[in-house]
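Let's take a walk through this structure together, one region at a time. Have your viewer ready, and we will start with a pair of strands.

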Amino acid sequence: MQQQSDLSFETVLGERVEDMLDACTRCGKCVEVCPSVKPAGIADAKPEDVISGVLELVRSGAGPEASRKWAASCMLSGECIKACDYGVNPRFLLAMARLGMAKADKELPERRRQGVEKYRDMGRDVTVLSRLQLDGEVLERLGQKSASVAKPGAAPDFVFYTGCNVLKTPHIALLALDIMDALGVSYQVMGGPSHCCGVMQLRSGDIEMSGRLGSSTIEKLSHSNSGQVISWCPSCYVQFTETTLPTLERQRGSRPFEMTPFLRFLHGRLAELKPHLRRPVEMRVALHRHPGIAGIVEAATELLAAIPGVELVDLKQPAVGLQSFNVAVLPAFKRELQLNELQAASEAGVDALVAVYHSDHRDLCAHERDWPFRILNLLEVIGESMGLYRHDRYKELKIMQDADQIVAECGDLIAKHALDKATARDVVVKGMLGDQPLPLRQQREAP
């Protein structure tokens, strides 16, 4: 009989999927609690029928329209996971349904080509935007020249995995490292396009390549004293913890490491952190919330509450999705959510709207130009209380809203990194200024 270790990643993933399909009772509770259902236009469909259709999509790539819409509209909010009483992860099944639809729609060569193109575009944007902001020494600290270690010569306690896209807003990642330095945590930084989680290939329907890339990165990450990886990117976290790591564990018989989101890691060390929060930060702040990873909103709330001087204001706005990027599957809904939140923040008289993730920051930061409050990342507020500061060059550039001006402002770094100026401008136009779901106001006016 063939051993598990001899089976391919795709085969073992398929076994996991079959087990979950067998466990699903088609009760529909996952559909009932999902915040995507109404904006996706399927609120009138029977929940039992929708989830039954999803199981069909997983198995064959064919299914009813309401089920297809639900799968395509998943924002990864995670409410479905909490609603299931049978140990099923409906969010994972929806990812497998999208995989089934992609496989039914296109042959593997076309799916692979699409995955490669998306990966190359992402790699180009990350490379260019990070180099428009950072010199070689700082890029190296973020693991982009060689693997950087906080204490050279000593095996690190943790691997800090950035993912890719946070490098577009590098001040966030750098503050995470500064905070760990202050806490005396030793770490090795890994991330960027050379450490791909495989999520783009999964979205394109190429499970073989997704598993290959993810497994390669997992091997690179498996080298810390604690057997722990601290992750920043929520997309990478979901990809690894729900798809790749459980499949490798079943395939190999063991899990190479445990992965913890950075905010949960930091919250777990709140007692150690509090003595470093010495400086009062006199601000009324509202938290931009995404609940897709369990415990993140709660951790962010408690971290803000621990900062002397901070007054946390609840804007009473919906909290949906894994991060801002994932809400883009429902673009009109996303624009409505963002506008309502900006208006609520203005009416509440907050000093700052504070986000957690990098995609949230990219979406929101340029709105600082037009509204009477700042757009900050949570780590900037924590850092201010700790006496740590990293300049938000991304926001400064994006607020300019002029590609030629931005390229001119970054001329020295373009030359230093030998970037092609036309390519840099194209990335600024499409990957920075074009990355604006809710358009900025044309004129500065009172909200």
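Strand S6 and strand S8 (residues 352-355) pair in the parallel sense over 3 bridges; two strands count as paired if DSSP finds at least two bridges between them. Within this pairing, Leu-287 stands opposite Val-354 of S8. Before going on, please note that this is a predicted model, in which local features need pLDDT of at least 70, side-chain atom pairs count only at pLDDT 80 or more, and totals for chains, interfaces and linings use all residues. Residues are numbered from 1 along each chain as its sequence is written, and side-chain values use heavy atoms, with hydrogens and water left out.

Helices (H or I, at least four residues) and strands (E, at least two) are DSSP runs numbered from the N terminus. S6 is also joined to strand S7 (residues 310-313) by 4 bridges, and the two run parallel. Met-283 stands opposite Val-310 in S7. To get from S6 to S7, the chain passes through helix H15 (residues 296-305), and this β-α-β crossover is right-handed. That term applies if, with the strands pointing away from the viewer, the path from the first strand over the helix to the second runs clockwise.

Now turn to strand S2 (residues 158-161). Phe-158 and Phe-160 point one way from S2, Val-159 and Tyr-161 point the other way, and all are buried. S2 is joined to strand S3 (residues 187-190) by 4 bridges in a parallel arrangement, with Met-190 of S3 as the bridge partner of Tyr-161. S2, H9 and S3 make a right-handed β-α-β unit. S2 also pairs in the parallel sense with strand S4 (residues 228-231), over 3 bridges, and here Val-159 stands opposite Val-229.

Which residues does Leu-221 contact, leaving aside its neighbours within four places in sequence? They are Val-159, Tyr-161, Met-190, Val-229, Phe-240, Phe-257 and Met-259, where contact means heavy atoms within 4.5 Å. Leu-221 lies in helix H11 (residues 207-221) and is buried, at a relative accessible area of 1%. Leu-221 and Phe-158 are 63 residues apart in sequence, and their C-alpha atoms are 9.4 Å apart in space.

Leaving aside neighbours within four places in sequence, the contacts of Trp-70 include Cys-30, Cys-34, Val-54 and Leu-94.

Because 12 of its 16 residues are buried, H6 is largely enclosed by the rest of the structure. Helix H7 (residues 108-131) has 24 residues and reaches 34 Å between its first and last C-alpha, close to the expected 34 Å. The buried residues of H7 include Arg-111, Asp-125, Val-128 and Arg-131. Among the elements covering the buried residues of H7 are H6, helix H8 (136-141) and helix H23 (421-433).

What about the cysteines? A disulfide is a covalent bond between the sulfur atoms of two cysteines, counted here when the two sulfurs are within 2.5 Å. A search of the whole structure finds 0 disulfides. For Cys-24, the nearest cysteine sulfur is that of Cys-30, 6.3 Å away. Cys-24 is buried, with a relative accessible area of 12%. For Cys-236, the nearest cysteine sulfur belongs to Cys-233, 3.7 Å away, and Cys-236 counts as buried at 5% relative accessibility.

Notes: Buried means under 20% relative accessible area, exposed over 50%, partly exposed in between (1.4 Å probe, protein chains only). The expected span of a helix is 1.5 Å times one less than its number of residues.
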